[in-house]
Amino acid sequence: MTKLSTRLQQIFDLVEENHTFIDVGCDHGFLDIALAKKYPDARIIASDINENALKNAKKNIQRVHLQNQISTIQSNGLENISVSAHTTMMISGMGSHTIVGILYQGYRKLKKVDTLILQSNNDLDFLRSKVIRLGYYIKEEKLVKDAGIIYTVIVFKKGFRLYSKKDIYLGPCLRKEKSSLFQEKVEEDLKKIEAFYPNIPKSHSEYRRKVKWKIKTLKNIL
């Protein structure tokens with residue numbers, strides 16, 4: 001079986017033992033296969049909106065004889081998925097706006113989801129703020145570099161905690177750890193935002209103010 005990519009390995013390493021796992025956007029199903037081998041008593045749902053991706057996942061799952069443990073379901077987000085109590089859900093390989101759309105469209109089903117493990121590489125402040133509003137707090141955050149791209153993996157747990165504006169923007173765990181990869185990400189983000197800022201119309205004063213605050217915040221870290 002194909003070895004997990006660096007990105008998927010980081011997600012796998014953050015998963016804690018549970019009875020039920022749901023992988024939304026499972027792609028080739030490699031993460032689900034790895035989880036099934038580690039937790040042989042767990043029930044796993046591998047879901048994807050793309051029919052071809054799901055066919056590939058099903059073939060990979062059958063190849064290692066795990067079709068009795070891993071169910072494959074074609075679904076737009078959580079639409080066709082039945083969620084059991086105390087579920088861990090993973091959503092990766094998507095932008096933050098897509099992930100938030102999936103969660104908010106299926107928010108009624110989230111009552112049974114204790115843990116969300118989400119991975120994105122853009123608009124992370126948007127992702128954090130929206131998921132927190134759904135009744136989760138940030139338990140853990142990790143950065144991982146895969147094929148030259150820095151990805152952020154966030155573990156959300158059911159519960160409530162207060163966060164500052166900087167926590168939401170930079171990540172409450174990441175800004176405390178201040179790893180070398182975090183510094184690299186800050187440098188990359190600052191370059192992008194500084195290049196983008198002059199193109200914001202002066203008439204959009206409120207948006208300009210928010211972006212300027214982000215530039216100042218990132219500069220204070222370096």
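Helices (H or I, at least four residues) and strands (E, at least two) are DSSP runs, numbered from the N terminus. You're looking at a predicted model, where local features need pLDDT of at least 70, side-chain atom pairs count only at pLDDT 80 or more, and totals for chains, interfaces and linings use all residues. Residues are numbered from 1 along each chain as its sequence is written, and side-chain values use heavy atoms, with hydrogens and water left out.

**Exercise 1. Describe the lining of the largest pocket.**

Step 1: On a 1 Å grid over the protein atoms alone, a pocket is an open set of points where a 1.4 Å probe fits, with protein on both sides within 12 Å along at least five of seven lines; lining residues have an atom within 4 Å of a point.

Step 2: Pick out the central residues. The lining has 30 residues, and Asp123, Leu124, Asp125, Tyr169 and Lys214 lie nearest the centre of the largest pocket.

Step 3: Two or more lining residues come from each of helix H5 (124–132), strand E7 (149–158), helix H6 (165–170), helix H8 (180–196) and helix H9 (205–221). H8 gives the largest share, 8 residues.

**Exercise 2. Work out which residues and elements build the largest nonpolar core.**

Step 1: Set the rule. A nonpolar core is a set of buried Ala, Val, Leu, Ile, Met, Phe, Trp, Tyr and Cys residues joined through side-chain atoms within 4.5 Å.

Step 2: Trace the elements. H1, H2, strand E2 (43–48), helix H3 (51–63) and E7 each give two or more residues, and H2 has the largest share, 6 residues.

Step 3: Zoom in on Ile11. Neighbours within four places in sequence aside, Ile11 contacts Leu31, Met90, Ser92, Ile117, Gln119 and Val153.

Step 4: Look for another core. A second, separate one of 26 residues includes Ile45, Ile102, Ile132 and Ile154.

Technical notes:
Buried means under 20% relative accessible area, exposed over 50%, partly exposed in between (1.4 Å probe, protein chains only). Contact means heavy atoms within 4.5 Å.
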